[in-house]
Amino acid sequence: MKLGQSIQHKKPNQDDNLIPLINIVFLMLIFFMVAGHISQSDPINVQPPNSSSDKQDAQEPLLILVATDGTIAFEQEIISRDELASRITEKYNAAMDKQALRLLVKADANLAVEELQSVLMLIKQTGLKRVALATQRTAEPS
């Protein structure tokens, strides 16, 4: 053992302060992934027409999506036009309260009126009485 030998101190590493920061960022990422609300997306990309009304119903209706090219999705499943009436009739017959059963048609704003009318006529043939057309609220002029 040598006398008078100086003790060398370890120089602090600058990266040591970065590790706790990385841990916190990952914990926040996991928290927001778990706590965030993930909603189911529509099987068809539809842009509803604009409306000045903001009325919304509390009860969740049956949903029909109609794309610009005429593609139809019923309850998150793409179906043919021929299947639409039978599917709605099945749901209507299976419903406990037929008067409370509602249907929401979410049609693209660029859909031809004739296409929308043919879909609405199919719905009318099923006997369903409560049908609504989905719209999106327009921006208020300032």
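Predicted model: local features only at pLDDT ≥ 70, side-chain atom pairs only at ≥ 80, totals over all residues.
Trainee: Which strands does H3 lie across?
Mentor: H3 lies across E2, E3, E5 and E6, and runs at about 165° to E5.

Trainee: What describes two packed helices?
Mentor: The angle between their axes and the distance between the axes. For helix H2 (residues 81-94) and helix H3 (residues 113-126), the axes come within 9 Å and cross at roughly 35°.

Trainee: Is the crossing of H2 and H3 left-handed or right-handed?
Mentor: H2 passes H3 in a right-handed crossing. That word is used when the near helix is turned clockwise from the far one by less than a right angle.

Trainee: Which residues meet where H2 and H3 touch?
Mentor: From H2, they are Arg 81, Leu 84, Ala 85, Ile 88, Thr 89 and Tyr 92. From H3, they are Glu 115, Ser 118, Val 119, Leu 122, Ile 123 and Thr 126. By class, this contact has 7 nonpolar, 3 polar and 2 charged residues.

Trainee: Why does Thr 126 count as buried?
Mentor: The cut-off for buried is under 20% relative accessible area. Thr 126 has 11% relative accessibility, so Thr 126 counts as buried. In the chain, buried residues make up 24% of the 142 residues.

Trainee: What does Thr 126 contact, leaving aside its neighbours within four places in sequence?
Mentor: Ala 85, Ile 88, Thr 89 and Tyr 92.

Trainee: In what order do the strands of the open sheet stand?
Mentor: The 5 strands stand in the order E4-E3-E2-E5-E6, with mixed pairing.

Trainee: Why is one side of E4 and of E6 left without a neighbour in the sheet?
Mentor: Strand E4 (77-79) and strand E6 (130-133) each have a single partner strand, so they stand at the edges.

Trainee: How do you know that E5 and E6 pair?
Mentor: Pairing needs at least two bridges. Strand E5 (residues 102-107) and E6 have 4 bridges, in the parallel sense, so they count as paired. In one of these, the partner of Leu 104 is Ala 132 in E6.

How values were computed: Residues numbered from 1 in each chain as written. Heavy atoms only, no water. Axes fitted to C-alpha atoms, helices over the stretch in contact; angles between N-to-C directions. Helix = DSSP H or I, 4+ residues; strand = E, 2+ residues; numbered from the N terminus. Contact = heavy atoms within 4.5 Å. Nonpolar A, V, L, I, M, F, W, Y, C, P; charged D, E, K, R; others polar. Buried < 20%, exposed > 50% of the residue type's maximum accessible area, 1.4 Å probe, protein only.
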